[in-house]
Amino acid sequence: MMQTGQAVMMPLSPPGGSVEEHDAIPPSRHERSGARGRTTRVGQILQSLEERVGTRSFAHWFGSQVAFALESNEFVVRVASPFFLNWMQKHFRAAMTAAASEVLGPSARVRFDVDGRLSAALDDEPARQAVEPADGDVPAARTAGLASGASGPRRRQNETPHSRRSADLADFVEGDCNRLALTAARQAAEAPGARFNPLYLHGVVGIGKTHLLEGIHGRLRRRFPALRVLLLTAEMFANHFTEALRAKTLPAFRQRFRGVDVLLVDDVDFFDGKRVIQEEFLHTFKQLESQHKQLVLTADRHPRLLLKSSDELTTRFLSGMVCRIEAPDTETRRQIVAARAQRLDVPFAEEALEYVAGRFRNNVRELEGALHCLATWHAMTGKRVSPSAARRVLADLERDCIRVIQPADVEATVCRFFGVRPEDLRSARRHRAVSQPRMLAMYLMRKHTHAAYTEIGRYFGGRNHATVMSAEKKVRQWVESRASIPSVAGDWPADELLSNLEQQLMAS
């Protein structure tokens, strides 16, 4: 049976390996030389494992980005990536199984899980031994401390050069494009489950959805350390569910995900079209919602655009607060560039930063990529980053960021949104279910491809240029009057519908 007392959690071995326990964490490597005895079952399993694989191999493979837990008679090994998981299973499954059986008995099992948070950096906090409840599913970021007897603050990161610091709400640059979403994220972190449930954040890639999700996670951890907070991607949820089905451990899976206080799921549009996983997530959603537990979800699309999701799941997404994050406007881009440049500690000319903010407009990742290119150039040359240097160094990158939209891209996006076929748009049919998508496609094709009216008319069944000009004028009238346009995802105001179509077009 799983122990229900408290467990002292320390890193398994330097440097700074993230670990998590339901029973106990073994002493760090330098402690083993002085005291071989381990009193907890997890510690005994790891001692047996070390004897089987050798001290050097044990220290190398089990020292960082690995976490351990004991759930009944199941020894759980969590690693940072699927690649690492395959490696561990291939090389150490037999030794782990033997070690677990030696301590727990012949019914012992070993389970491997992927937890991407193990590769993230830990919060910067004073050195201490972390004490956590033994019966919760404790995220790895909270289980790091120092070996007993160590003094001074621990390192900011996992002490590995490739780990990343988790995003913080305080670092999120606020602007008109994201102010509502940021305010909602702060409210969810200040009073989880009290205001709206779920909080659903959506927008194109690279505009800060994951930043907000990680920021909520970090703030909740600091303000409410007793809460059980789980952050993962929708793909990770699907992987855990699939593994539970295969291993026939669904009760343990459900206990894990339905027993949390806050569930944060990134990229829930991954569930679109996956009926069985949707059903499982829906039941998890309903259980947590009924207990007033906070859910925060992110996606690239509005819930009504998840066309392959069940109505019940979609309406659940819509039942709380849906916030759209826009691509950053000019002023927000300037602030983002200035903040990122300050962290890089590179001598940028103000005009060079202005050039970056003005030229890379689609998302934050493009801005960061441009700054990293310039920082590398500075490291190579030792020169200050001037405006002329920025233009020269970023010329190729800027060209690669230009999205060339073809007429077929517009057609495919409109057909997908309205549930019509390309041959319908090119036909002579004048029914509203076809004519309105056709006019929108003509408008978007004119705007984003700059094709001639006659060329667009020929594309859509040999129509003349006057028909295309009339369609363009009609769409503008819809936008000005915020006319309602029906689609398979429900009725949409024309301006919002066009904006969603353009976001999908740019992301395709």
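# Close-up views of a predicted model

View 1. The side chains of E423 and R421 are joined by a salt bridge with an N to O distance of 3.8 Å; here a salt bridge is a side-chain nitrogen of Lys or Arg within 4 Å of a carboxyl oxygen of Asp or Glu. This is a predicted model, in which local features need pLDDT of at least 70, side-chain atom pairs count only at pLDDT 80 or more, and totals for chains, interfaces and linings use all residues. Residues are numbered from 1 along each chain as its sequence is written, and side-chain values use heavy atoms, with hydrogens and water left out. R421 also forms a salt bridge with D424, where the closest N and O atoms are 3.2 Å apart. D424 in turn forms a salt bridge with R429, with 3.6 Å between the closest N and O atoms. Salt bridges that share partners also join E74, R109, R111, D113 and R256 into one network. The structure holds 34 salt bridges.

**View 2. How the residues of View 1 sit relative to the surface.** Buried means under 20% relative accessible area, exposed means over 50%, and partly exposed lies in between (1.4 Å probe, protein chains only). D424 is buried at 8% relative accessibility. E423 is partly exposed at 45%, R421 is partly exposed at 48%, and R429 is partly exposed at 42%. Across the chain of 508 residues, buried residues make up 51%.

View 3. The largest cavity has a volume of about 120 Å³, and the structure holds two cavities of 30 Å³ or more. On a 1 Å grid over the protein atoms alone, a cavity is a set of points where a 1.4 Å probe fits but cannot get out, and lining residues have an atom within 4 Å of a point. Grid points are joined across faces, edges and corners, and a volume is the space filled by probe spheres set on the points. The lining consists of E71, R111, D113, H240, E243, A244, T249, A252, F253, R256 and F257. By class, four of these residues are nonpolar, two are polar and five are charged; Ala, Val, Leu, Ile, Met, Phe, Trp, Tyr, Cys and Pro count as nonpolar, Asp, Glu, Lys and Arg as charged, and the others, Gly among them, as polar. β4 (109–114), α7 (234–247) and α8 (250–258) each supply at least two lining residues, and α8 gives the most, with four. Helices (H or I, at least four residues) and strands (E, at least two) are DSSP runs, numbered from the N terminus.

**View 4. Helix α6 and what covers it.** Of the 15 residues of α6, 12 are buried, so the helix is largely enclosed by the rest of the structure. Those buried residues are K209, H211, L212, L213, E214, G215, I216, H217, G218, R219, L220 and R221. The elements covering them include α5 (179–190), β6 (199–202), β7 (229–233), β8 (262–266) and β9 (294–299). At 1.5 Å a residue, helix α6 (residues 209–223) should span 21 Å, and its end C-alpha atoms are 21 Å apart, which agrees; the expected span is 1.5 Å times one less than the number of residues.

View 5. A67 is found in strand β2 (residues 66–71) and is buried, with a relative accessible area of 0%. Its C-alpha atom is separated by 9.5 Å from that of D113, 46 residues apart along the chain. S487 lies in strand β11 (residues 484–487) and is buried at 16% relative accessibility. Leaving aside residues up to four places away in sequence, S487 touches F417, F418 and W492, where contact means heavy atoms within 4.5 Å. The C-alpha atoms of S487 and L305, 182 residues apart along the chain, are separated by 9.8 Å.

View 6. The peptide bond from N197 to P198 is cis, with omega near 5 degrees, and P198 lies in the loop between α5 and β6. D267, a residue other than glycine, has a positive phi near 60 degrees. D267 lies in the loop between β8 and α9 (275–290) and is partly exposed at 31% relative accessibility. D345 has a positive phi of about 55 degrees although it is not a glycine. D345 lies in the loop between α11 (330–344) and α12 (350–359) and is exposed, with a relative accessible area of 69%.

Note on methods: 1 Å grid on protein atoms, 1.4 Å probe; cavity = no way out; pocket = protein on both sides within 12 Å on 5 of 7 lines; lining within 4 Å.
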